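Please look at the sequence and the model shown below before reading on. The report then moves from single contacts to the overall form.

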Amino acid sequence: MGMLRELIKGLRVTGGTMLRTMTGEELVTTQYPKVMRDKPQRFHGRHVLNRYPDGMEKCIGCELCAGACPAKCIYVRGMDNDPAQPTSPGERYGFVYEINMLRCIFCGLCVEACPTEAITMTSLFEFSTTNRQDAIYTRENLLMDKRGTVPHMFPDDELADLEELNTADGWLRATAPAGVAAYEGTQMWQPTPGPADWSPEPSQDERDRRTSEEESDG
């Protein structure tokens, strides 16, 4: 009798949770794709090639990102700038830039290796394809325009939130340069013409304070 009582007690908890989930009272599943999940600050999503606020490209074609990539998914070829109309502030620029997304492991080492902050990662991860060729992103697919708008290979993709391409700041703001704690709260990353926020991430105390305020307001 004792075992039966315990079984009924357990089933009551399970059944109650199931009913509250069905009615939406305790629904914890995000109704994707109708509801998009907010990405964490340090999310590693699709890459973007940045420009300076004046519109010049940050990439100088040094190929350090390709050399640092453990998956060997990046191919870069530089070309000398036209002295009369330079594409980047350096002597060269990234004439060819390709990323094979089928091989990319989204580790972010390319971002760490880049000396000019040319390549960063956005919050977008909806970019599935039906053939392998579409998974190779070229310079035209990766480079933001002079207004800061980042192109998407499939702009009519119903599952893609194109606004997530504007979060080119991503995990960079959450990382102290070279891991030095003295740089906490200091803006080290250069801005772009887009809407991405390059201000430093708040301190842990500030984040805790904001969380407490949100919980008390809720």
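Predicted model: local features only at pLDDT ≥ 70, side-chain atom pairs only at ≥ 80, totals over all residues.

Two residues are said to be in contact when heavy atoms of theirs lie within 4.5 Å. Leaving aside the neighbours within four places in sequence, Ile119 is in contact with His47, Val48, Leu49 and Asn50, with Tyr97 and Ile99, and with Cys110, Val111 and Cys114. Is Ile119 buried or exposed? Because its relative accessibility is 2%, and buried means under 20%, Ile119 counts as buried. Arg147, by comparison, is 28 residues from Ile119 in sequence, and the two C-alpha atoms are 17 Å apart in space.

**The nonpolar cores**

Ile119 also belongs to the largest nonpolar core, which has 23 residues, and together with Ile74, Tyr97, Ile99 and Leu142 it touches the most other members. Two or more residues of this core come from each of the elements α2 (64–68), β2 (74–80), β3 (92–100), α3 (109–113) and β4 (119–121). Apart from this core lies another one, made of six residues, including Leu124, Met144, Val150 and Leu165. Which residues does Ile74 contact, leaving aside its neighbours within four places in sequence? They are Cys65, Ala66, Cys69, Tyr97, Glu98, Ile99 and Cys110.

| Cys69 | 8% | Cys73 | 3.5 Å |

How many disulfides does the structure hold? The number is zero. For Cys69, the nearest cysteine sulfur, that of Cys73, is 3.5 Å away, and a disulfide needs two cysteine sulfur atoms within 2.5 Å, so Cys69 is in no disulfide.

**Strands and helices**

The protein has five helices and five strands, and along the sequence they follow the pattern α-β-α-β-β-α-β-β-α-α. Three of the strands form an open sheet in the order β2-β3-β5, with antiparallel pairing. The edge strands of this sheet are β2 and β5 (136–137), each of which pairs on one side only. Between β3 and β5, which run antiparallel, there are two bridges, and in β5 the bridge partner of Asn100 is Ile136.

**The protein as a whole**

Along its principal axes, the C-alpha trace spans about 90 × 45 × 30 Å. Of the 218 residues, 34% count as buried. The accessible surface comes to about 13,400 Å², and 54% of this belongs to carbon and sulfur atoms. Finally, among the contacts in the protein with a separation of 6 or more, 71% are between residues 24 or more positions apart.

Definitions and conventions:
Residues numbered from 1 in each chain as written. Heavy atoms only, no water. Core = buried A, V, L, I, M, F, W, Y, C linked by side-chain atoms within 4.5 Å. Buried < 20%, exposed > 50% of the residue type's maximum accessible area, 1.4 Å probe, protein only. Helix = DSSP H or I, 4+ residues; strand = E, 2+ residues; numbered from the N terminus. Pairing = 2+ DSSP bridges. Areas by Shrake-Rupley, 256 points an atom, 1.4 Å probe, with all protein chains shown as cover.
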